[in-house]
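Reader: I would like a close look at one part of this protein, namely the sheet and the core packed beside it. Please take me through it slowly, with the cut-offs stated as you go.

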Amino acid sequence: MKLKNNLFAVLIISALYSNIYAATQHVNSASQLQPSVNQLEAGDTLYLAAGTYTIDTSLFLLNLKGTKERPIVIRNEFGQTPILKYDSLFTLFVHI
């Protein structure tokens with residue numbers, strides 16, 4: 001029983017620790033997108049607000065370092081639909 005309680009305490013502390021160091025960012029313009037992506041670390045979430053994000057340069061996602069346990073998430077704000085619009089020179093670099 002004591003081992004079970006200790007294991008439970010370790011799991012709770014681990015969950016709290018990973019949430020303490022996870023950042024949440026909110027983006028509402030194309031000019032904020034790359035600088036925000038550049039700051040993402042394991043466990044972080046980037047929310048895109050509704051609107052059209054016209055991107056006229058390359059968007060680099062190469063250096064993102066999420067993990068299976070602490071993925072990096074880029075998603076829409078709840079109930080909103082962001083649109084990524086790019087010109088013909090746009091390149092999306094993703095490292096999987």
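Author: What follows begins with the model as a whole and then turns to the sheet, the helix across it and the core.

This is a predicted model, in which local features need pLDDT of at least 70 and side-chain atom pairs count only at pLDDT 80 or more, while totals for chains, interfaces and linings use all residues. Residues are numbered from 1 along each chain as its sequence is written, and side-chain values use heavy atoms, with hydrogens and water left out.

The chain averages a pLDDT of 76, and 65% of the residues score at least 70; pLDDT is the predictor's confidence in each residue, from 0 to 100. Confidence is lowest in helix α1 (residues 2–20), where the mean is 48, and highest in β2, at 94. Over residues 2–16 the pLDDT stays under 50, and the model has zero contacts beyond four places in sequence for this stretch, a contact being heavy atoms within 4.5 Å. Where pLDDT is low, the predicted coordinates should not be read in detail.

The chain has two helices and seven strands, in the order α-β-α-β-β-β-β-β-β along the sequence; helices (H or I, at least four residues) and strands (E, at least two) are DSSP runs, numbered from the N terminus. Among contacts between residues at least 6 apart in sequence, 68% join residues at least 24 apart.

The sheet you asked about is open and has three strands in the order β1-β2-β5, with parallel pairing. Two strands pair if DSSP finds at least two bridges between them. The edge strands, each pairing on one side only, are β1 (24–27) and β5 (73–76), and neighbouring strands of this sheet are turned by 20 degrees against each other on average, direction ignored. Four bridges join β1 to β2, and β2 and β5 likewise pair over four bridges. Tyr47 in β2 is the bridge partner of His26, and Tyr47 also stands opposite Arg75 in β5.

In a regular strand the side chains alternate between the two faces of the sheet. In β2 sits Thr45, which counts as buried because its relative accessibility is 15%. Not counting residues up to four places away in sequence, Thr45 touches Ala23, Thr24, Gln25, Val73 and Arg75.

Helix α2 lies across β1, β2 and β5 and runs at about 165 degrees to β1; axes are lines fitted to C-alpha atoms, for helices over the stretch in contact, and angles run from 0 to 180 degrees between N-to-C directions. Leu33 lies in this helix and counts as buried, because its relative accessibility is 4%. Leaving aside neighbours within four places in sequence, Leu33 is in contact with Val27, Leu46, Leu48, Ile55, Leu59 and Leu84. Leu33 and Tyr53, 20 residues apart in sequence, are 8.5 Å apart in space, C-alpha to C-alpha. Val37, with residues up to four places away again not counted, touches Leu46, Phe60, Leu61, Leu64 and Ile74.

Leu33 and Val37 both belong to the largest nonpolar core, which has 12 residues, among them Val27, Leu40, Leu46, Tyr53 and Ile72. A nonpolar core is a set of buried Ala, Val, Leu, Ile, Met, Phe, Trp, Tyr and Cys residues joined through side-chain atoms within 4.5 Å. The elements that give two or more residues to this core are α2 (30–38), β2 (45–48), β3 (51–55) and β4 (59–61).

Leu40 is found in the loop between α2 and β2, and Leu40 counts as buried because its relative accessibility is 6%. Beyond four places in sequence, Leu40 touches Gln25, Leu46, Leu64, Ile72 and Ile74, and its C-alpha is 8.1 Å from that of Lys65, 25 residues apart in sequence. Leu62, by contrast, lies in the loop between β4 and β5 and is partly exposed, with a relative accessible area of 37%.

Terms used:
Buried < 20%, exposed > 50% of the residue type's maximum accessible area, 1.4 Å probe, protein only.
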